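Me: Please take a close look at one loop in this model. Then walk me through other local features, one after another.

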Amino acid sequence: MGSKDRWLTHSTWQGIFGLLFLSTILTWMYCAFIRPPVFCRRNALRFGQVLYKYIQRGNDEELKVIADELAKSAKPLVMHSRRLNRRTSDVETLRGQPHKKRAGVEDYAYDILLLIANRKFCRNIVGSSPVTAQAFFEEMTSASKFDIPIGQFARNISSEAVAQKGSFLYDEADGYYSGLLGYLKPVTKAVYGDYSLVEALANNFDSPLDLHYEEQWGWDAKQWEAYCRATLITFKDYLEKGYGSQHSYALNRTFKNMESAYRDLYKLNDTPYEYLTDTYGRLRVVVEFVKDAIDLIDKHPNPPEPLRRIREGTYPKNIYDHLALLIFDMISAASMVKSPPETCWSIHHNMIWSRIFTRYGGKDGKAFKIVRFKVRRLLYDEIAIMTKHPNYKGAMILGYCLNVFGMTTNTKKDFDRDSYALAKAVQSWTRKYYLDMRQEYPDVAESVLIGSVSFDETGSRLVKTYLKGLNREAPKAYLVLDQPSQLSTSG
């Protein structure tokens, strides 16, 4: 036996294999913890294929790990991705299907951005690694690169953030309860805080605010509050960047979406403890959102200029008009609540009218005055249409106004500054035309009788009955009506 054979002893082989095993462990630790794989030109195909496999498998524990690791690849994926509508045809995909033209790193990055929009993967990002979402949105903002296939990812991240009540939208809600993260709002501002990004994605109906209506129908008051809070962050940046006078697809659709929050307000009919219901809570959230949005305009040093009076269905409109239309729609929905009187008053006056049209302490800003004026015009125009075209919507809005304003306008002291003129005009129109409408369209006229407003046929007058309190009889106010023959039903 030679000297070489004597050197390769059993102990030597054990040492060699031990060294190889240790090298493997160290290599794995280096790749897994010190410098894990990051998407680049050299590994684009392999990176995408492995990611595709794990997302397709759908194991939650694996997805949580992948979600955390993906944050390191946010910058190269955003940087390399091909822009929308510029992808070349006939390239190989992440599934390895061969085509005529070989794919480049831009194509793989493009596909990966589409891949990570998987709803289950987004659920794991929001639940366990929101910093990954933050990384992608911050990279897009930093590079001002919005025309990449990130829209579905943005929409699904936002949907999951609203749905999961332990997500960053709730953890970063308020500094008083959440501490530093509540003041800084790092993830929330990354996702919603750049208006340019949100508006660019909205062009394809894929912004973080463009969430599906079926999901919105399932939200409770707390979830609507989170959505409104996110919208206010976008709205604030919209004003700060000087876009306040420009049309916004993202914000205008969001205001329209908020109508879903109180779509079932009519269900509060005959509900004595309406303030305990989620429906009432959702209405309150939207009312507070409108107030906060108008306050942001008033606090801005260069608020947008209002447009002159517009009619329903005409353009252009700006932010004041859209806020006024949202308030008008809330009033229209609230007018469908007709009884009991206490519930009507709570919703019609206490929840909507007094919160929008009455300021407790402080001075009203210009924005509030503009929006209130537009709301008053919308309300009176809807009522005035009934002079020639009686309809249920106008009748219920008339009933809402009579329930809120009452039957008399003796002095301005009985009303706030923004209500007196409208109250007087509404009562005047009712006095002239209500009996005409009752004669020609009795069912429409009956729709006016909301809350504590009733019709006294013997005296040809409308009656509003107030709470009895300590009085022997409930106080009443009357609006004596003109005799019929003035209402034109032609056309």
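Reply: N118 sits in the loop that joins helix 6 (105-115) to helix 7 (119-128). This is a predicted model. F153 is 35 residues away from N118 in sequence. In space, the two C-alpha atoms are 7.5 Å apart.

Other loops have backbone features to look at. S144 is in the loop between helix 8 (130-143) and helix 9 (151-163). Its phi is positive, about 50°, although S144 is not a glycine. S144 counts as exposed, because its relative accessibility is 52% and the exposed class covers values over 50%.

K185 also has a positive phi, near 50°, and is a residue other than glycine. Its loop lies between helix 12 (180-184) and helix 13 (186-192). K185 counts as buried, because its relative accessibility is 15% and buried means under 20%.

K185 leads on to the largest pocket. Among the 23 residues that line this pocket, K185, R229, L232, I233 and D292 lie nearest its centre. Two elements give two or more residues to the lining: helix 16 (221-240) and helix 18 (278-299). The space in the largest pocket is about 680 Å³.

Next comes a peptide bond. The one from S339 to P340 is cis, and its omega is near -5°. P340 belongs to the loop between helix 19 (319-334) and helix 20 (341-357).

Now the strands. Strand 1 (residues 453-456) has two faces. V453 and F455 make up the covered face. S454 and D456 make up the uncovered one. Strand 1 pairs with strand 2 (residues 461-465) in the antiparallel sense, over 4 bridges. F455, on the covered face, has L462 of strand 2 as its bridge partner. The two strands form a hairpin, with 4 residues between them. In the turn, S460 has a positive phi of about 50°.

Last, the surface. W13, I16, F17 and L20 make a nonpolar patch of about 400 Å². I16 lies in helix 2 (residues 10-34). I16 counts as partly exposed, because its relative accessibility is 31%.

Definitions and conventions. Residues are numbered from 1 along each chain as its sequence is written. This is a predicted model: local features need pLDDT of at least 70, side-chain atom pairs count only at pLDDT 80 or more; totals for chains, interfaces and linings use all residues. Side-chain values use heavy atoms; hydrogens and water are left out. Patches are made of residues with over 30% relative accessible area and no salt bridge: like charges are joined within 9 Å, nonpolar side chains (Val, Leu, Ile, Met, Phe, Trp, Tyr) within 5 Å. Accessible areas come from the Shrake-Rupley method with a 1.4 Å probe; for residues, only the protein chains shown count as cover. A salt bridge is a side-chain nitrogen of Lys or Arg within 4 Å of a carboxyl oxygen of Asp or Glu. Buried means under 20% relative accessible area, exposed over 50%, partly exposed in between (1.4 Å probe, protein chains only). Two strands pair if DSSP finds at least two bridges between them. On a 1 Å grid over the protein atoms alone, a cavity is a set of points where a 1.4 Å probe fits but cannot get out, and a pocket is an open set with protein on both sides within 12 Å along at least five of seven lines; lining residues have an atom within 4 Å of a point. Grid points are joined across faces, edges and corners, and a volume is the space filled by probe spheres set on the points.
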